[in-house]
Amino acid sequence: MSTSRVRTTPPIPLFTAFLAMAVALAGFLALTGAGTARGAVPTRPGWNLQWSDDFTGPDRALPSSTEWQIDTGHAYPGGPGNWGTGEIQNYTSSPDNISLDGNGNLRITPLRDGGGNWTSARVETRRADFKAPAGGTLRIEGRIQMPNVTGDAALGYWPAFWALGAPYRGNYWNWPGIGEFDIMENVNGINSVWGVLHCGVNPGGPCNETTGIGANRTCPGASCQSAFHTYRFEWDRSVSPNELRWYVDDQLFHSVAQNRVDAGTWANMTEHAGYFILLNVAIGGAFPDALAGKTPTAATVPGRPMLVDYVGVWTRGGGTTPPDPSEPPPSGSSQLYLRSGGGAGDATASASSVTLASAGGANHDGTPHGPQVFTSGPITRTYNGGPTQFDLFVDAGSTVANGQQVRVSYDRTGDGTWDRTETYHYFATDPVPGYEHYTQARGLQSATGTHGDLTGGKVRVEVWNAIGNGGSTLGTGNQSVVRIPFG
């Protein structure tokens with residue numbers, strides 16, 4: 001465990017101290033603007049504040065546990081090692097690595113112990129529903145000073161302010177399809193900010209993974225490391241095609257239009273519950289190594305923190321287009337995340353699971369046997385002519401020869417009659433613990449009835465073990481999803 005660092009300085013004459021304080025205050029006002037005190041979340045005219053944290057609190061206090069969760073270790077449970085990036089630090093919840101600084105900032109400090117082991121910190125918002133409203137714009141912004149270290153002493157430093165798609169929670173293997181917005185990244189103390197979009201498939205794909213679609217520029221005025229700068233990301237659904245934009249100190253430096261990628265890729269990263277926000281300082285890994293060789297080195301200096309003055313989320317516009325009076329207003333979700341308790345709808349903020357009963361060694365192919373049932377409605381939406389799609393997270397642990405099956409039924413008017421029923425071929429899970437993806441690619445086994453518009457209708461999803469002699473687990477909450485063909 002790293003220890004806290006205490007810096008001592010010799011006493012200085014009172015006049016010198018006063019002069020230094022005045023100079024510091026003048027510099028501070030020049031950087032922030034006289035109307036924005038440190039720790040305050042600014043007003044953004046024309047925008048509606050949805051969530052924020054100004055990190056007010058005593059020195060060495062942890063950030064609010066109501067707003068943030070602290071990641072620890074070298075990976076999410078069951079997720080890729082070294083956080084999927086090759087970074088080497090161990091994330092902790094120690095105030096030595098993460099705490100408020102008593103001056104309205106969050107402080108994330110990488111440290112190295114006598115054995116050469118690095119620790120640091122990473123936090124993410126508990127909320128995972130930050131999303132641009134239909135016809136409107138989302139704004140995520142933070143005022144941040146990167147670790148104040150440059151040159152060889154900075155090799156391996158990797159501070160970041162970013163957002164991940166909600167379905168990543170509890171899965172950890174669906175990146176980059178669920179989307180990642182890197183609002184601010186920096187490596188090796190270079191005077192530059194990177195803004196990056198990650199999407200699609202890895203490697204390659206429409207976002208050129210693992211690199212992503214990115215751009216970078218120097219920070220305006222003072223360097224990125226020596227001063228606070230404001231980093232902003234916008235997701236604009238008020239324009240066609242939709243657009244993603246990155247700013248530093250209100251200067252646009254990167255944008256990605258919706259038509260830059262295919263429709264399916266865009267839908268996968270935007271048509272879910274939303275995003276959660278992360279702040280961290282990694283040490284080493286693929287990005288810093290790509291620019292400087294293997295990092296950190298013996299010259300890398302520990303103890304230089306990233307300071308975060310505030311993080312805020314705003315929205316603007318949306319919901320102002322008058323409905324067509326000849327059409328029933330759309331209601332209900334077209335993406336049905338399966339929830340513990342038998343419901344289905346928008347994803348919850350956290351992952352959970354339910355158990356699928358054993359098939360008992362019998363063959364229940366095509367006929368639900370002790371199914372988990374999920375129902376959503378009333379739904380009023382127009383049939384778009386497409387197929388049902390789904391991505392179910394299933395796991396049979398180490399049980400051999402288990403197979404899960406799904407049936408999706410549609411009651412177009414909510415009168416209790418299932419007008420369309422689709423049963424898909426079962427999915428044989430492997431006998432290795434860990435979720436697998438059961439999708440519509442298994443193919444339709446049988447279907448009865450026809451589709452049509454939903455007017456106060458219902459959708460029922462049944463999942464069961466069709467074969468095998470052991471139970472299975474079905475991921476719920478923000479994991480398993482059924483996409484119904486209705487706009």
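The predicted model holds 21 aromatic pairs. Rings of Phe, Tyr and Trp (its six-membered ring) pair if their centres lie within 6.5 Å; planes under 30 degrees apart count as stacked, over 60 as edge-to-face and the rest as tilted. In F233 and W246 the ring centres are 5.1 Å apart and the planes stand at 65 degrees, so this pair is edge-to-face. The pair links distant parts of the chain, 13 residues apart. F233 belongs to strand β14 (residues 229-236), and W246 to strand β15 (residues 243-248). Helices (H or I, at least four residues) and strands (E, at least two) are DSSP runs, numbered from the N terminus. F233 and W246 are both buried. Buried means under 20% relative accessible area, exposed over 50%, and partly exposed in between (1.4 Å probe, protein chains only).

An edge-to-face pair is also formed by F390 and Y424, with 4.9 Å from centre to centre and 75 degrees between the planes. This pair, too, links distant parts of the chain: F390 lies in strand β23 (residues 389-395) and Y424 in strand β25, 34 residues apart. F390 is buried, with a relative accessible area of 2%. Y424 is buried as well, at 5% relative accessibility.

Ring pairs also build a cluster, which links Y76, W83, Y91, Y168 and Y172. Charge meets ring at R139. Its charged end sits over the ring of W47, 5.2 Å from the centre of that ring. The charged end of R139 also sits over the ring of W314, 5.7 Å from the ring centre. A charge sits over a ring if NZ of Lys or CZ of Arg is within 6 Å of the ring centre and within 35 degrees of the ring normal.

Strand β25 (residues 420-424) also contains T421. T421 is buried, with a relative accessible area of 15%. Leaving aside neighbours within four places in sequence, T421 is in contact with R407, V408, S409, S446, A447 and T448. Contact means heavy atoms within 4.5 Å. The side chain of T421 makes a polar contact with the side chain of S409, at 3.4 Å. A polar contact is a pair of N or O atoms within 3.5 Å; within protein, one must be able to donate a hydrogen and the other to accept it, and residues adjacent in sequence count only if both atoms are side-chain atoms. T421 and H451 are 30 residues apart in sequence, and their C-alpha atoms are 9.3 Å apart in space.

Disulfides were searched for across the whole structure, and two were found. A disulfide is a pair of cysteine sulfur atoms within 2.5 Å. One joins C199 to C207, with 2.0 Å from S to S. The torsion about this S-S bond is about 90 degrees, so the disulfide of C199 and C207 is right-handed. C199 is buried, at a relative accessible area of 0%. C207 is buried too, at 0% relative accessibility. C219 and C224 also form a disulfide, with their sulfur atoms 2.0 Å apart. Here the S-S torsion is about 100 degrees, so the disulfide of C219 and C224 is right-handed. Both of these cysteines, C219 and C224, are buried. With the bonded cysteines of the chain numbered in sequence order, the pairing reads 1-2, 3-4.

Residues are numbered from 1 along each chain as its sequence is written, and side-chain values use heavy atoms, with hydrogens and water left out. As this is a predicted model, local features need pLDDT of at least 70 and side-chain atom pairs count only at pLDDT 80 or more, while totals for chains, interfaces and linings use all residues.
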